[in-house]
Amino acid sequence: MRQLPRQTDSNVLVGFETSDDAGVYLLDENSALVQTVDFFTPIVDDPRTFGEIAASNSLSDIYAMGGRPISALSIVGFPEKGDAQILAQILQGGLAKMIEAKCTVIGGHSIRNEDVLFGYAVTGLIHPKKVWRNVGARSGDVLLFTKPLGSGVISTAIKKDQASADSIAAAIRSMTALNRAAAEALHEIEAQPQWENSIHAVTDVTGFGLLGHAREMALGNPEKGIPPTSLELDHSAFAYLPGAIDAAKDGHIPGGLKNNRDFIGDCVAFSPTVSREYRDLLFDPQTAGGLLISIAAESASDALGALQRVGVAASRIGAVVEKRSPLLHVK
């Protein structure tokens, strides 16, 4: 990406410079477009469930920016001799989740492809002064997280036919749950005058794992006056999907987890009390994962209450501190 020429369109409020969850393009003083795209190969056996997960994952970036999804275009790759009924079920699952999100599918594009691919390009609306970035965390903030970890190791266990029915069901419930309720609860907090602008950074945790996305949050954006920070995380404060710890212990490690560990391992210091399986789960690539939120300490309890009232099992998982080396510390 560094080889690409710098763009100079002043209407681009959020581009790709900080690896944010979506781009934001200004329309007028009260509205902007928020846009994202995501697709992947099947991670579960049931076609309809795969469609639901793909849609939930694609919508998540809009919610992570603070936006409201309004329209989507489907992206499909399907084998030339594949069963058309399987494709129909995938599309039905995706559409059902889009309808739940009140997001209209207005078209799409398909290609013949040896592997099945499915996802969406999603467009949302957002107020230009109410954009949540993945940078902006401030020393003294509290870190909240809204979903259990472990979908990557469980998906790998599924492929090896080593996942229990309970762990599969829990992973599917998590991956198909929209981040809409969590985002709306955070908007409720920001609507209170005493907590206005108390949410300093938000990102959804997906392919780079919890630690990968935490690193992006910690890096800040010095060019825009957002200094880097460090994050302190408590591995025992996270929720983990049923069976995830055993899957990690048994070595059901996805390739993405290894890549994440290789890429950002030098940015993380672990306490000796954090065992290998928990370290792996913090690197585990998630699909349609939860929101990682950096919020002013004085409003954190109210935010947790608002999230829990709408059924979001959020937890307080750490804090933001002054920058030190390495950026991330896990106890």
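What volume does the second largest pocket have? In this predicted model, the answer is about 760 Å³. Local features are described where pLDDT is at least 70, side-chain atom pairs count at pLDDT 80 or more, and totals for chains, interfaces and linings use all residues. Residues are numbered from 1 along each chain as its sequence is written, and side-chain values use heavy atoms, with hydrogens and water left out.

A pocket is an open set of points on a 1 Å grid over the protein atoms alone, where a 1.4 Å probe fits and protein lies on both sides within 12 Å along at least five of seven lines; lining residues have an atom within 4 Å of a point. Volume is the space filled by probe spheres set on the points, which are joined across faces, edges and corners.

The second largest pocket is lined by 31 residues, with Asp38, Asn57, Thr206, Gly207 and Gln286 closest to its centre. At least two lining residues come from each of β3 (31-40), α1 (47-65), α3 (151-159), α6 and α8; these elements are DSSP runs numbered from the N terminus, helices being H or I of at least four residues and strands E of at least two. This lining holds seven nonpolar, 17 polar and seven charged residues, where Ala, Val, Leu, Ile, Met, Phe, Trp, Tyr, Cys and Pro count as nonpolar, Asp, Glu, Lys and Arg as charged, and the others, Gly among them, as polar.

Of its 33 lining residues, Gly15, Phe16, Glu17, Thr18 and Ser19 lie nearest the centre. Two or more lining residues are given by β1 (12-14), α6 (209-219) and α8 (255-264), and α6 gives the most, with four. Here the lining divides into 14 nonpolar, nine polar and 10 charged residues.

Turning to the aromatic rings, seven pairs are counted, a pair being rings of Phe, Tyr or Trp (its six-membered ring) with centres within 6.5 Å, called stacked when the planes are under 30 degrees apart, edge-to-face over 60 and tilted for the rest. Phe118 and Tyr120 pair edge-to-face, 5.1 Å centre to centre with 70 degrees between the planes. Phe118 counts as buried because its relative accessibility is 0%, and Tyr120 because its value is 2%; buried means under 20% relative accessible area, by a 1.4 Å probe on protein chains only. Phe238 and Tyr240 form a tilted pair, at 6.5 Å and 50 degrees, and both residues are buried. Phe118 and Tyr120 also belong to one aromatic cluster with Phe40 and Phe50.

Technical notes. Buried means under 20% relative accessible area, exposed over 50%, partly exposed in between (1.4 Å probe, protein chains only).
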